[in-house]
Each structure stands twice: as C-alpha cells, then as structure tokens.
Amino acid sequence: MTTIFSWSLLHMKVKNGIINGAVILGIGAFIAKFLGALYRIPLTNRLGGYGLGLYQMVFPVYTLLLDFSGAGVPNALSRLIAKEKDPLFSKRLLNSSIKLFAIFGLLATAFMAIFSYPLALFQGNDEAKTAYLFLSPAVFLVSLISCFRGYFQGNMNMRPTAVSQILEQVFKLLLGVFFINLFYPNVPLCVAGATLAITLSELVALAYLFFCYKFYNRKNQIYISQNKNFIPDAKSIIKTAFPITLIGVLIPFSQVVDSFLTINILSKYLPNATVLFGLLSGVVMTVINLPVSVCYGLSTVAVPTVSSCESVEDAYKNSKKIVWLTLLITLPCTLFLLLFSPFTINFLFSGLPIDQKQVAINLLRLCSPIVVLLSLVQVCNSVLIGKGKLYTPVLTLLVGVIIKIMLNILLLNTRELNIYGSAIAIIACYFSVCLINLILIFKKRVKNESKQTINQRFIYQK
C-alpha cells in the first residue's frame, strides 16, 4: 500500500513538473514572441518591405553562428544535470561550459564582424553589412546566456529562462524603436540600429541570469572548490551538445540557403524579390512562431523530464503526454490562422501596402499547418534527446532540409508559384520530419502493445 502511494505521488510530481515547467516557459516564450511580433509593427510600418527584408537577411547567418557557439548547450546541460541530480555537479558543469563556450562565442563574433560585407554581398544585397557588424557581439553574449539557461533548466527551475526571454524582447522593442527613429530615413542604418538593439538586449538578459545564479547559489548554499575537472566536463558537454548543435545548425543553414535561393532566383523574373522574402520570413513566420512559442515550454521541459525517468515505461508515458499536449495547443491555433489570416495581418501589420498585405494574407493561410508541424518537430526532437537518441533528430531533420532545398529550387523557378513555392517547401520539410520522428518514438511501443493484446486474447480463449 505504501509503495503504491509512493508511486502515485511520484507520478503526480512528474505530471505537475511537466505542466508547471511548460506553463512557465510557455507563457514566457509567448510573451517574448508576442513582443517580437509587436516589434515588427514599427519596423514594418517605418521601413516597409524592403527594410524588413534587409533585417531578415542577417538572421539565418546569425542563428547559424549561434548554434555553432553554444545554442545546443541548454538542452545538453539540462540532460546531463537532470540525469546526475547533484547540485555540486551541476554548478561545476556550468563553470566548465562558460569557459568552453565563451571561446566559441568570441570566435563566432569575430567571424561575423570581419566577414560582414562578404556575407551581405553573397546574399545579394550589400546594404546589410552594417546590420551584420552591429549584431555580431550578440553571438558571444548568447553563448554565455545559453550556459546559464541550461543550468537552471536542468534543475527544473524554468523561471530565469522565461523572465530573461521577456527582458530581451522588452529592451529590443524599446531600443529598436529609438534607434529606428534616430537614424530615419536612412533605411540600411535603421536596420543596423535595430540589430544593435538586439545586442544590447542580450547584455541585459545576461546580467539578469548572472544575478539569478548568484542569488540561487547563496540561497541554497551551494559552494564548490576550484574546478579541476574542466577537461572531462568539457568532453562530456561537447559529446552531448554536438548532436544537439547539429540539429540547431540544420534549420538556420537551410534558412541561409533559402535566403540565397529565394532572392537570387526570384530576382530573375521579379523586381521585388527582397520584399517577398521579407514578407514570408519577417511577417508570416513571425506570426507562425507566436503559437509555436507556447510549445517551446513543452519541448524544453521534455529533455530533463524524459532524461530523469527511471524506466522505459515512464519515458513512454511522459513522451505521449507531451505530444498530446502539443496537439491540444496547436490545432486550434492552426485553425484560427487559417480562418482569420486577413484579420491577423491587418491587425499586426496595418502599415503594409495593400498589395504586400494581400500576399502576406495568402502566405499565412497557406503556412498555417506549420504551427502544428513545427511544434511537433521541436517537441519530438526533445523527447528523442531525452531518451538518449541524440543523433536521430539530426538525421530526420537532414532529410527534411534536403527535401526543402530540392523543392525550393524546383518551385521558385516556377513563375506562377514564385514565393508561394518557398512556403510549400517549408511545409513539406516539417511534415516529413514530423512523420518520421513520431514513427520512431511510438512505432516500437505500438508493436509491443499489439503483441501483448494478441497474447492476452490467446490466453483468454484457451
């Protein structure tokens, strides 16, 4: 009786841990994404489609460098800390990760600053060079931020991550509007000012996380002597973070290819290629990412929750619960965007010209299924990471990226489809990844359950 009661308490604790952590991160991520979308309103109204296109050009490369310099660290640290469940170990791991990824962050920042002009030129518009330069220090700052977030998430403390995300967006919004008005009407300089606001907002987030870390350790009286285990810790972190980094690298890499293909191919037969790219990546995907951000909490909580499970049965139950919660959240959001895309675009981006607004409405209606697909992809990736299948999401995502690149080349060259071809390629990418991941997570279990059912029927008939 006592054993049953203990297991019931454990189940309730795990369930509450998933929901509470997901709610905190989900609310934080939604507010952050909403503020990010809100930021697009003055950005779009003031700079137009061309300025938004320039602004969006720098982010694929920026995101790619972030992944190389430590974006895989939160999930890696979260998994390692959740498995070990030792406060001293978690603090030691944080210290080692900061030393390691500060170096990677500095190298990535230097690369982005030095090659700002060639990168902009390669993408087809050298007016983005100053934006690259002003954004480059943010790579180093985010490398350190990732270490602190992984530390807190591994300890199932989701509040610092959520609050730091909101702080980022608040300061980005305030400083971005200030710099845009300061440099107006020089559009390329306004865009650069908007990226400078991102760098400064990351500095604020880092300061907040450092304060939380100091307060947390003082409150819990966690002290550690000088870290003499840097080399083995670094190896452990890199071994876990490397495949997670590859997962993160593939999407921004494909976005870099998207920006190159979209602008260069559409420019052959359309004069407004940069504008169309800005509408898809800067308007439509911004709206799509709002409901997707709510599931960010589920995907983040999934890693420590599944990693800390002591049996395959518990891992399966928690995985199933997380997937169903994802569908419960995203299906109504998809339906809303499908039915109310004109209202959404008119409400958020009223300053767009009528012709651009109509293109954005059509793209949003077409892209609405991405809400479900992308949410499931990020949640399934986290479940697989939590189960220790670190390289499986890399392979499935690689399949999707290859499909997307091939379809982009084929569909963008079809004049009748133009930018809509790129939207179709994105849907095909996430659908294929989502389908493969779900099969890999649940297929073996379904087979086992079917065998058990058949055996039970056979025994009953006998």
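Trainee: At what angle do helix H6 and helix H7 pack?

Mentor: About 145°, with the axes 9 Å apart. H6 spans residues 137–154 and H7 spans residues 159–183. An axis is a line fitted to C-alpha atoms, for helices over the stretch in contact, and angles run from 0 to 180 degrees between N-to-C directions. Note that the model is predicted: local features need pLDDT of at least 70, side-chain atom pairs count only at pLDDT 80 or more, and totals for chains, interfaces and linings use all residues. Residues are numbered from 1 along each chain as its sequence is written, and side-chain values use heavy atoms, with hydrogens and water left out.

Trainee: Which residues of H6 and H7 meet?

Mentor: Ile-145, Arg-149, Phe-152 and Gln-153 of H6 meet Pro-160, Thr-161, Ser-164, Gln-165 and Glu-168 of H7. Contact here is heavy atoms within 4.5 Å. By class, that gives three nonpolar, four polar and two charged residues. Asp, Glu, Lys and Arg count as charged; Ala, Val, Leu, Ile, Met, Phe, Trp, Tyr, Cys and Pro as nonpolar; the others, Gly among them, as polar.

Trainee: Why are H11 and H12 called roughly antiparallel?

Mentor: Check the crossing angle. The axes of H11 (residues 296–307) and H12 (residues 312–339) cross at roughly 175° and come within 10 Å. Angles over 145 degrees count as roughly antiparallel, under 35 as roughly parallel, 65 to 115 as roughly perpendicular, and the rest as oblique. Therefore H11 and H12 are roughly antiparallel to each other. H11 contributes Leu-298, Ala-302, Thr-305 and Val-306 to the contact, while the H12 residues include Ala-315, Ile-322 and Ile-329. This contact has seven nonpolar, four polar and no charged residues.

Trainee: How many helices and strands are in the chain?

Mentor: There are 17 helices and zero strands. Both are DSSP runs numbered from the N terminus: helices are H or I with at least four residues, strands E with at least two.

Trainee: What makes Thr-344 count as buried?

Mentor: Its relative accessibility is 8%. Buried means under 20% relative accessible area, exposed over 50%, partly exposed in between, with a 1.4 Å probe and protein chains only. So Thr-344 counts as buried. Thr-344 is in helix H13 (residues 341–348). Beyond four places in sequence, Thr-344 touches Val-287, Phe-336, Leu-337 and Leu-364.

Trainee: Why does Ser-97 count as buried?

Mentor: Ser-97 has 0% relative accessibility, so Ser-97 counts as buried too. Ser-97 lies in helix H3 (residues 87–114). Leu-77, Ala-102, Cys-147 and Ile-237 touch Ser-97, not counting residues up to four places away in sequence. Across the chain, buried residues make up 53% of the 462 residues.

Trainee: Which residues have the most contacts inside the largest nonpolar core?

Mentor: Tyr-55, Tyr-62, Ile-288 and Ile-370, in a core of 104 residues. A nonpolar core is a set of buried Ala, Val, Leu, Ile, Met, Phe, Trp, Tyr and Cys residues joined through side-chain atoms within 4.5 Å. Helix H1 (residues 2–71) supplies the largest share of this core, 16 residues. Apart from it lies another core of 24 residues, including Leu-80 and Cys-147.

Trainee: What does Ile-288 touch, not counting residues up to four places away in sequence?

Mentor: Ile-288 touches Leu-337, Leu-364, Cys-367, Ser-368, Ile-370 and Val-371.
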